[in-house]
Structure formats: C-alpha cells, structure tokens
Amino acid sequence: MVPLSHYLILSAALFAIGMFGALTRRNAIGILMALELMFNAVNLDFVAFSRYLPQTMLQGQIFAIFVITVAAAEAAVGLAIILGLYRNFKTVNVDEINLMKW
Amino acid sequence: MTVTQVVFYVLAAFTVGAAFIVVLATNIVHSAIALVFTFFGVAALYILLDAEFLAAVQVLLYVGGITILLLFAIMLTSRISARGVRILNEQAGISALVVFAIFALMAYANLRVVVPAGPPPPASYATASLGRLLLTTYVLPFEAVSILLLAAMVGAIILARREREKD
C-alpha cells in the first residue's frame, strides 16, 4: 500500500505546477488550464484523505464532487469572460489588457 | 515493492510530466492535449484510491466537458500559428522560486506528518452510499450547488452572447 504522504506530495507537486502556470502564463486560457490543475490537486488530496483516514464516511469524496461542480461552473463563466475580452481587446494575453492599470 | 506501488509511481510520473507540458508548452493546443492526459492520470489515481464513481465523473466532466470547452475557446480566440511569442511573463524566475519554496514547505510538512496506523478496508458499495449521503446528509449543499450551476450557465450565455446593437 502506498503511504498517504506520497499522495500528498504528488498533490503538492501538481498544485505547485498549476500555481506556477497561473502566475506566469500570458494566455488567459493557459491560466484557466493551470487553475484546473490546481483544482485536480486539491481533489486528489480530498480523495486520498477520504481513503486513508480512519472512520471516514466518504466526506472527502462528497467534497470532491462539489469541487468538481464548482470547477465546471468556473470554467464556463471564465471562458465566456475570455471570449468577451477577446471581442473588446482582440487579444487574450493578460499583460496586454491593462485598461484599469496605472 | 508491490504492484500497487509500481502503478502509483508510474501514474504519478505520468501525471506530473503531463502537468509540466500543460504549463510550459509553447503551443496552447498542445497544452490542452496534455491537460487531457493529466486528467486521465488523476482519474487512474482515483481508481487506485477506490473512488470509482469520482474517476468516472472525472473522465466525463473534465475530459469530456471542460477540455472541449477550452479547445473551443482556443479556436475562437488565439491565432494558433503565432510562433516565437513569449508564453510566460517576465516574472517567471521569481515565480518559479516562490512556487518551489511553497512546494518544499508542503513536502516537508507532509513527510513529518503522523501517518495514520493503516488505511481502513475499502467500503463496499461505495457509490451507493455516496448517493445516499448526497440525498440525506448533504442534500442542502447539493441543492445549492445545482442553483450555482444554473446561475453559471445563464451567466455564461449572457456573457458570451454577441451584442446586436454594437456590431
């Protein structure tokens, strides 16, 4: 059996990669993809805890289902916002969209 | 080293490698394709953790839904043939430093954590009890999240709709 900490470290690695992408990608769609990576890392944590901790009643999996639902809503609204941005600015690079910046 | 451990490490390497491609690929379409492989890797890890229902949901929703949505958005926005364009902003170095520090902190904390004595035996009929929990104990969040989905759907339609008067 794989120890719990290995799952947690894998999840931390996925989260860190996603965080790097969210901080540095210029393409807004790339940032959304990195956000999805971070969601997946957190879900992996929930499911691993739900499997390993004694006396769980599947709460981790329930929470993961809710996280997946919210992630789907986030992706739909986020992509709609990106399409709106593209219509107004003709670009999806977030460092060129600086209308409200000094 | 048992078979489960070998499978876990292979899947972990696969998932992390695909995640690196997602973040670092110069072509955004390659990123989306690598994202599919990451999602599949995570789904396989769910199966390894005895969460079959979540694995199915992961494949249906992420691979089937969100990736298609992302690909449509890519096709509608970016000029795919744009070459030689920077994909990372100028804060890549400092970001890598900070993110690595955070990862090292989390890994250190994980290695020091008190590991529970042993995993309990997997619950039989886990999917059935999952459904029962969703409709009894967690029925209120279940309904709330359905309203959230409805609101998000309406909002996405309104945001993405083209304004007639302007064009």
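Biologist: What is the mean pLDDT of chain A, and what share of its residues reach 70 or more?

Modeller: This is a predicted model, in which local features need pLDDT of at least 70 and side-chain atom pairs count only at pLDDT 80 or more, while totals for chains, interfaces and linings use all residues. Residues are numbered from 1 along each chain as its sequence is written, and chains are lettered from A and ligands numbered from 1 in the order in which they are written. With pLDDT understood as the predictor's confidence in each residue, from 0 to 100, chain A has a mean of 89, and the share of its residues that reach 70 or more is 98%.

Biologist: Which element of chain A has the highest confidence?

Modeller: Helices (H or I, at least four residues) and strands (E, at least two) are DSSP runs numbered from the N terminus, and chain A has three helices and zero strands. Confidence in chain A is lowest in H3(A), at a mean of 90, and it is highest, at 93, in H1(A).

Biologist: What is the mean pLDDT of chain B, and which of its elements has the lowest mean?

Modeller: The mean pLDDT of chain B is 86, and 86% of its residues reach 70 or more. Among the elements of chain B, helix H1 (residues 3-24) has the highest mean, 94, whereas the lowest, 86, belongs to helix H5 (residues 126-135) of chain B.

Biologist: Why is chain A described as more spread out than a compact globule?

Modeller: Along its principal axes the C-alpha trace of chain A spans about 55 × 25 × 20 Å. The radius of gyration is taken over C-alpha atoms, and the globule rule is 2.2 Å times the number of residues to the power 0.38. For the 102 residues of chain A that rule gives 13 Å, and chain A is therefore more spread out than a compact globule, since its radius of gyration is well over that value, at 17 Å.

Biologist: How many residues does each chain bring to the contact, and which helix of chain B gives the most?

Modeller: Two residues are in contact if their C-beta atoms, placed from the backbone, lie within 7 Å, and on this basis the contact takes 71 residues from chain B and 59 residues from chain A. The elements giving two or more residues to the side of chain B that touches chain A are H1, helix H2 (28-48), helix H3 (52-77), helix H4 (92-112), H5 and helix H6 (139-160) of chain B. With 11 residues, the helix that gives the most to this side is H3(B).

Biologist: How many residues on that side of chain B are nonpolar, polar and charged?

Modeller: Ala, Val, Leu, Ile, Met, Phe, Trp, Tyr, Cys and Pro count as nonpolar, Asp, Glu, Lys and Arg as charged, and the others, Gly among them, as polar. Under this scheme, the residues of the side of chain B that touches chain A divide into 55 nonpolar, 14 polar and two charged.

Biologist: Is Ala16(A) buried or exposed, and which residues does Ala16(A) touch?

Modeller: A residue is buried if 20 or more other C-beta atoms lie within 10 Å of its own, exposed if 12 or fewer, and partly exposed in between, with C-beta atoms placed from the backbone. Ala16(A), in helix H1 of chain A, has 25 other C-beta atoms within 10 Å and is therefore buried. Not counting residues up to four places away in sequence, Ala16(A) touches Val99(B), Ile102(B) and Phe103(B).

Biologist: Where is Leu58(A) found, and is Leu58(A) buried or exposed?

Modeller: Leu58(A) is found in the loop between H2 and H3 of chain A. Because Leu58(A) has 23 C-beta neighbours inside 10 Å, it counts as buried.
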